[in-house]
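Dear colleague,

I am handing over the structure we spoke about, and I would be glad if you could look through it with the notes below beside you.

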Amino acid sequence: MSIIGWIILGLLAGAIAKILLPGRDPGGLVGTTLIGIIGAFIGGWISSRFLDRPISNGFYDTATWISAIGGSLVLLIIYRLLFGNSRERH
């Protein structure tokens, strides 16, 4: 899969992660989108490196999607823990 494919996968994985973990994020839509893209890359890397699951050449591989969404969820949770709800009104 090309870099463009991973970016598209990351955008979709970020949107799915946001649906699974609703709420306000400190970075808004742009931050969540970037987290999705980075999470897809990290999830794919972890899957291929440590879980002995090679990254598929196809866009529709279930394991690739699960690892991308999982990476996005983990990154979104870490992001919320580090930066909290900075957008809340006091």
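This is a predicted model: local features need pLDDT of at least 70, side-chain atom pairs count only at pLDDT 80 or more; totals for chains, interfaces and linings use all residues.

Turning to the helix contact, helix α1, which covers residues 3-20, packs against helix α2, residues 28-49, at an angle of about 115°, and the two axes lie 7 Å apart. The crossing of α1 past α2 is right-handed. On the α1 side the contact is made by Ile 3, Trp 6, Ile 7, Gly 10, Leu 11, Gly 14 and Lys 18, and these meet Thr 32, Thr 33, Gly 36, Ile 37, Ala 40, Phe 41 and Gly 44 of α2. By class, the residues of this contact divide into seven nonpolar, six polar and one charged.

The two serines both belong to the remaining element of the pattern, helix α3, where I looked at Ser 72 and Ser 67.

Is Ser 72 buried or exposed? Its relative accessible area is 1%, and because buried means under 20%, Ser 72 counts as buried. Leaving out residues up to four places away in sequence, Ser 72 touches Ala 13, Gly 14, Ala 17, Ile 35, Gly 36, Gly 39 and Ala 40. Among these partners, Gly 14 also takes part in the contact from the α1 side, and Gly 36 and Ala 40 take part from the α2 side. For Gly 36 the separation from Ser 72 is 36 residues in sequence, yet their C-alpha atoms are 4.9 Å apart in space.

Ser 67 has a relative accessible area of 13%, and it is therefore buried by the cut-off of under 20%. Apart from neighbours within four places in sequence, Ser 67 is in contact with Gly 39, Gly 43, Gly 44 and Ser 47. Of these, Gly 44 is also one of the α2 residues that meet α1, and Gly 39 is also touched by Ser 72.

With kind regards

Technical notes: Residues are numbered from 1 along each chain as its sequence is written. Side-chain values use heavy atoms; hydrogens and water are left out. Axes are lines fitted to C-alpha atoms, for helices over the stretch in contact, and angles run from 0 to 180 degrees between N-to-C directions. Helices (H or I, at least four residues) and strands (E, at least two) are DSSP runs, numbered from the N terminus. A crossing is left-handed if the near helix is turned anticlockwise from the far one by less than a right angle, and right-handed if clockwise. Contact means heavy atoms within 4.5 Å. Ala, Val, Leu, Ile, Met, Phe, Trp, Tyr, Cys and Pro count as nonpolar, Asp, Glu, Lys and Arg as charged, and the others, Gly among them, as polar. Buried means under 20% relative accessible area, exposed over 50%, partly exposed in between (1.4 Å probe, protein chains only).
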